[in-house]
Amino acid sequence: MRFSPAGDPGTPDARSATRYLVWLAGRHPLIFSAGLALGVVWMVAQALMPAAVGRAVDAGLTHRDPDALLRWGLVLLGLGLLQATAGILRHRCAVHNWLGAAYRTVQVAVDATNRLGAALPRRVAAGEVVSIGTADIEHIGSAIDITARGAGSVVAIVTVAMILLTASVPLGLVVVLGVPLLMGLVALLIRPLHRQQAAYRDSTGRLTARAADIVSGLRVLRGVGGEPVLGARYREQSQALRADGLRVARVESLLQAAQILLPGVFLVLVTWLGARFALAGEISAGQLVAFYGYTAFLVSPLRNLTEAADKLTRGHVAARRVVRLLRLAPEFTDPARPRPLPGGPGELVDVRSGLVLRPGRLTALAASVPEDAAEIADRLGRYVDGDVTLHGVPLRDVALATVRERILVVDNDAQLFTGPLRVELDPHDRGDRAAVEAALAVAGATDIVDALPGGLDSQVAERGREFSGGQRQRLRLARALVADPETLILVEPTSAVDAHTEARIADRLCVARPGRTTLVCTTSPLVLGRAEHVVFVEDGKVVAEGRHDELLAAEPRYAATVSREEEDR
């Protein structure tokens, strides 16, 4: 789903949080409108019950008229049944609206992350995305949910004010003037609450991002002794978050107290005035009972309104985070008129570095600085912009989906996801069991599957945490081989495996992709020695190419790079 700054009703408007909430409400107009209508009926039915009780007292008890008492008793019963029915249906609509808003937000956020693609980690912290899917969706759903009760409360208060004005102008004016005054007092707490909640939400996102970074790099941190330092920083930031939470709780506690205190004061005032008017003979006993019922009833809509102010504030803060994500534009968009690519493997050229990949052969790229190889791989896969051509056609003139289909870049940041291992290795269901097993054999990962109790049907835990680093690397390689792209670019695919396994993988990789183009970015002599062609890069430029043994003899810089790799291993 895209987003439209023009306000297309079928897509979320990314210009403001308010418009985003309106867009969510409009996704299910019938259910949302039904919730509003039922909320009004539910609250008005409650508002009319004190009037029915008052008439029953005046017409039935005071005048000792059993028929009138029965008649108004039946009216009261009818109002009760109407209230109960409307309340049940309103709640069902409210739950539907809550779920619709919350999970539509999840869909929109996932779509936005998919649009950003590989640029996502550079543009948004992982904790920010996690917070949207955990805390923000609850607040957004609650903001849509509360509208039904809020609308019903407003109509009920207006109804009660009109009834009171008809019966007693002073009491009616107390309600007409008192309710806005109470809401004004509540509004004084809403603005600081809005600020404190926004600060707390920002702190939560930063802390979640830090926690995700620590967990993902825990093994490395333990290896270099950095765990205590990062742990201390996390504790410090956690305490800062606690302080922000206490500030939010302080304002929220005042708001919660206001929800009880202000309506209670209002109830006491109206009851006292009504009792004085009854003693003075200005109103009847039944009207006094009705007035007390009105004021007792008004506690509920007033609390609903303060709750609505709280939840709408929280929802607005959460919606701003979602809108901030929606506003992020992908680094690359399809050209206005995409150019088609000829079929079959073609020559892939990176003009900046001078790298030329001949179709149908295994090429190894060795760089004196590993970052140079990674940058070239990103340009070849169009994850960063560059002058790259395939079949002589610039990749920036080709639809991005076509580039992704023809060229696959696999690095060690690729993740394993939760689910059956078979689905993880073949997510698009492109190969049969034989193809998956063949890919596992090439990647040297057969022993991994054999050790699992369910084999290929075993469940993979989140991020494949049950596997070691080398096992995850081999499974990622197998997944890439199952995909069988026209051009496969592997970045350090054997850096975490032992030398014997690496040698087996290199031998099998040479014959695993006949007629396909494969580039392996590595400085491992075991892989370089088995490649059909080797390219050496220094300072981001191709400075030599040929067979591994030829480069060892003719290029000292290449020999030094390879020797350094052997010493490191």
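## The R530–D507 salt bridge

R530 and D507 form a salt bridge, and their closest N and O atoms are 2.3 Å apart. A salt bridge here is a side-chain nitrogen of Lys or Arg within 4 Å of a carboxyl oxygen of Asp or Glu. The pair links distant parts of the chain, 23 residues apart. R530 sits in the loop between α17 (525-528) and β11 (533-538). D507 lies in helix α16. Helices (H or I, at least four residues) and strands (E, at least two) are DSSP runs, numbered from the N terminus.

R530 is partly exposed, at 30% relative accessible area. D507 is partly exposed too, at 39%. The classes are set by cut-offs: buried is under 20% relative accessible area, exposed is over 50%, and partly exposed is in between (1.4 Å probe, protein chains only).

## About the model

This is a predicted model, in which local features need pLDDT of at least 70, side-chain atom pairs count only at pLDDT 80 or more, and totals for chains, interfaces and linings use all residues. Residues are numbered from 1 along each chain as its sequence is written, and side-chain values use heavy atoms, with hydrogens and water left out.

## Other salt bridges

The structure holds 19 salt bridges. One of them joins R513 and D484, with the closest N and O atoms 3.4 Å apart. R513 lies in the loop between α16 (499-512) and β10 (517-521), and D484 in the loop between α15 (469-483) and β9 (487-491), so the pair ties together parts that are 29 residues apart in sequence. R513 is buried, at 6% relative accessible area. D484 is partly exposed, at 34%.

E307 and K311 also meet through their side chains, in a salt bridge of 2.9 Å, N to O. Both lie in helix α9 (residues 285-327). They are four residues apart, so about one helical turn separates them.

## A nonpolar surface patch

L165, V169, L173, V176 and L177 form a nonpolar patch on the surface. Together they have about 410 Å² of accessible area. Such areas come from the Shrake-Rupley method with a 1.4 Å probe; for residues, only the protein chains shown count as cover. Patches are made of residues with over 30% relative accessible area and no salt bridge; like charges are joined within 9 Å, nonpolar side chains (Val, Leu, Ile, Met, Phe, Trp, Tyr) within 5 Å.

Helix α6 (residues 169-216) gives the most to the patch, with four residues. V176 lies in helix α6. At 34% relative accessibility, V176 counts as partly exposed.
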